[in-house]
Amino acid sequence: AMTAHSFALPIVLFSAFWGLVGIAAPWFVPKGPNRGVIITMLVTTAVCCYLFWLIAILAQANPLFGPQLKNETIWYLRFLWE
Amino acid sequence: MGSLFRSEEVCLAQLFLQSASAYSCISELGERGLLEFRDLNPKVSPFQRRFVGEVRRCEEMEKTFTFLQQELRAAGRVPGPLSESPRAPAAREALRVQEQSEQLAQELREVTRNRASLRDNLRDLRQYLHVLREGQRFTSLPAPLGSPPRPRAHSDREPILDPSLHQHLERKINFVSGVIHPWRVTSFERLLWRACRGYLVASFVEMPEPMEDLATGENITWVIFLISYWGEQIGQKIRKISDCFHCQVYPYPESEASRTDTTTKLHGRIQELSVTLEETEKYLAEVLDKVALALPTWRVQVQKMKAVYLVLNQCSFDVTKKCLIAEVWCPVQDLTQVQDALRQGSYQSGSSVECFVQRVPTSERPPTLIRTNKFTAGFQSIVDAYGVASYEEVNPAPYAIITFPFIFAIMFGDVGHGLLMFLFALWMVLYEDSPRLRQGTNEIWLMFFEGRYLILLMGAFSIYTGFIYNECFSKATTIFPSAWSVATMANHSSWSSAYLATHQLLTLDPNITGVFRGPYPFGIDPIWSLATNHLNFLNSFKMKMSVVLGIVHMGFGVVLGVFNHVHFRQKHRLVLEFLPEMIFLLALFGYLVFLIFYKWIKFSAADSLMAPSILIHFIDMFLFTSNAENRPLYPGQVPVQTVLVVLALASVPILLLGTPLYQWCRQHAPRMPLATGEQEPLLEGQEAGNSVNTTMEDVESGGHSPDTQHLDFAEVFMHQAIHTIEYCLGCVSNTASYLRLWALSLAHAQLSEVLWTMVMRNGFVGLSYVGGVVLVPVFAAFAVLTVAILLVMEGLSAFLHALRLHWVEFQNKFYVGAGYKLCPFAFAPDTWE
């Protein structure tokens, strides 16, 4: 593909999304016997999923080496993905 | 915070029950299921307890019920449905139930006996009828003259002596007729021939319809035999031989007329008997109907009654005050409900004096009660499987609701497999109220059903991690365009077709501008699934991910310990245990996490030839050496690392000696007259309100606690030493243990790839109509193997490892788990087998 991927945009978007889930949403959980459990679940989910995604994108941000492809793959991708 | 975060407050209480209303009070409490009763007569054998007579009566009734149920089952009936759970019966009603059930059992026994004897008779008559009928064939056949009589087996054309020969021999012909088992025919015949040769004629014929053998109950085609003989001794011999072979012998009338007469009479009797048998069967069906209707209710009633009496046996009977005292563990929240139940019970039994409950202070450790709903019950049970939380300790379950499925998903990550698991669990959840699902008897199915919410979350998180790993049935998806540009690399390095033909493998170089265009925004780039060196990249990524997540998980565990220290009012442990633990963990392993992130951000392809190795730096940090070829990650790295290592090493003696020394100092400092609850988290027993079971020695030893603590200083020190060693060594080994996240996710990815390459891809080889037909069995094989190997086997494996990580690596940072559960006395819903 021709378009370059920006680095900042996904960081901002996903941080905002998981921030919404983990920090903002707990304020809106209705009162009831399960309020504490639901808030815990929201915060834990946000932390786990955000951290996992962050590790994935940071590991690829500055690659030290590139993929090694077979010649058939290169023939094919050269024209398919451009 | 709700009760899922920490177990509820449970107190010891005493119930004072009037003997008249004790039964109904306990029954009411059992219906509500609030309290756990303690046995106040532990040294009394079950045969000497007060209510042993009533318990025995209940057991007798249960015996009758078992007999009734067996009869129902033998008749192929199903017991009726139970509309709502009946309450434990009062004494009069119980008597009525006992009488009725015994009466029904008696009736049932009589009727079945009658029916059996009627059936026997009928069978007998029928056999006789057949014998006569078949024998008729022989005795009315005209025999050819002069043919010598020869016994021959299984032939129904055997002629018998006709009257002319009879006159010739001047003897009277007698008959023995009967029925014999078909397997014994040959030996019977042989014996007859040897014993009475020449003086008899035997003929055998099979019965036209099979009849029941009373001994074995199966249908056999009997063989009818008719022996004509002359001579008295021969007759006796024949009868003895028939006796030996267990034949059923019937009198065979001589003349034709008497035979027809007997046949008619037999017909008549058979008719009568059939009618009587029908009536008996109808009556039996009525009795069984009555039983089927009443049995379920009776069963539940008697079970409840027995349970109540067993509980009453545990109470101590205070003869002077004419009341029963029961000791219970009661959740403090429910004390008002208990009072209400006692009031209801007294009212129902018509007594005017009310029973009441009184709270009693105790120094014993109460049981743990954590209330769960259908969603949280599954997660609480996997935590409890390792150890029930100690009283009022922090409960790991609410965090495990999310971290357990998440850690499972890291090892299982695949969109396709996760989706299948999610849909399976969704089906179970949506239809959870259907009786067919609930009443399954297969244990394995029940295990899956109990964990349906667990599996639902596991599937959902697996879909998420599958997207991050970019694996859907081992294939990558290009939701966003890939970050690596093959064309740019090819143009830059002038990879012509000829060049490509001679070079099998070529690598994309991220140093060249335009080849790498920024990181893939969500997950792993799809080009890696096409690369031959994809494991080089993925291994590095997954290992670092496992270490980072592991250290975060363990750090969270240490932080949870803070809640325990604060709740049990042991604030000294915050400074003397939590702080050194945290410093040790963060200075060493938190720094490792920092190094990982730093290297990811700061080093790129431009310095790839000289990129520093984190592993070598980490080892050098501990050994206080340095490696010339391994350049530092940032300026000033060596002094920073030295400081961190010194800090970590310094925290070890604080952890080792801090708490014991603090406790020693508290002891030897001038003691305050009021002992506030700071040292002992639970109240010491006071003289008046102690548990009924405590003896005088227990009360006295309670006052000795400061001295006993002094004697146990060695034990405290030993305990703390073990804890320190366990913690410090554990930090290292547990961090390495989290690498199983990498190992299992690699195994899962490789297995799915193998299944794709070696099974499914072969179905796409032929691109014709025939190929389409071939695809069907190939897909079937792929589907079966996916479910069996990848979903079931890998799923169980990842489940097990996620469980281990929680139980050992996470929980040993804060959890003690030495409690016991509150088992309230409640009438469990009856399961009808």
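The end C-alpha atoms of residues 767-793 of chain B lie 33 Å apart in this predicted model. The span is 93% helix and 0% strand; helices (H or I, at least four residues) and strands (E, at least two) are DSSP runs, numbered from the N terminus. UniProt, in an unreviewed entry, lists 767-793 of chain B as a "transmembrane region", along with residues 406-430, 451-469, 545-566, 578-601 and 640-662. UniProt positions follow the numbering used here, feature names are shortened, and annotations may be inferred rather than shown by experiment. Residues 578-601 of chain B are 100% helix and 0% strand, with end C-alpha atoms 31 Å apart.

The model is predicted: local features need pLDDT of at least 70, side-chain atom pairs count only at pLDDT 80 or more, and totals for chains, interfaces and linings use all residues. Residues are numbered from 1 along each chain as its sequence is written, chains are lettered from A and ligands numbered from 1 in the order written, and side-chain values use heavy atoms, with hydrogens and water left out.

The contact (heavy atoms within 4.5 Å) takes 72 residues from chain B and 45 residues from chain A. Together the two chains bury about 5500 Å², 72% of it on carbon and sulfur atoms. Buried area is the accessible area (1.4 Å probe) that two parts lose on being put together, summed over both. Arg517(B), Pro519(B) and Trp600(B) supply 12% of the area that chain B buries against chain A, more than any other three residues. Elements giving two or more residues to this side of chain B include helix 10 (397-412), helix 17 (534-567) and helix 18 (572-602). Its residues divide into 49 nonpolar, 19 polar and 4 charged. Here Ala, Val, Leu, Ile, Met, Phe, Trp, Tyr, Cys and Pro count as nonpolar, Asp, Glu, Lys and Arg as charged, and the others, Gly among them, as polar.

The whole structure holds 21 salt bridges over all chains. One joins the side chains of Asp261(B) and Lys265(B) (4.0 Å, N to O). Both residues lie in helix 7 (residues 256-314) of chain B, 4 residues apart, about one turn of the helix.

Strand 1 (residues 68-70) of chain A pairs with strand 12 of chain B in the antiparallel sense over 3 bridges; pairing requires at least two DSSP bridges between two strands. Leu69(A) stands opposite Leu506(B).
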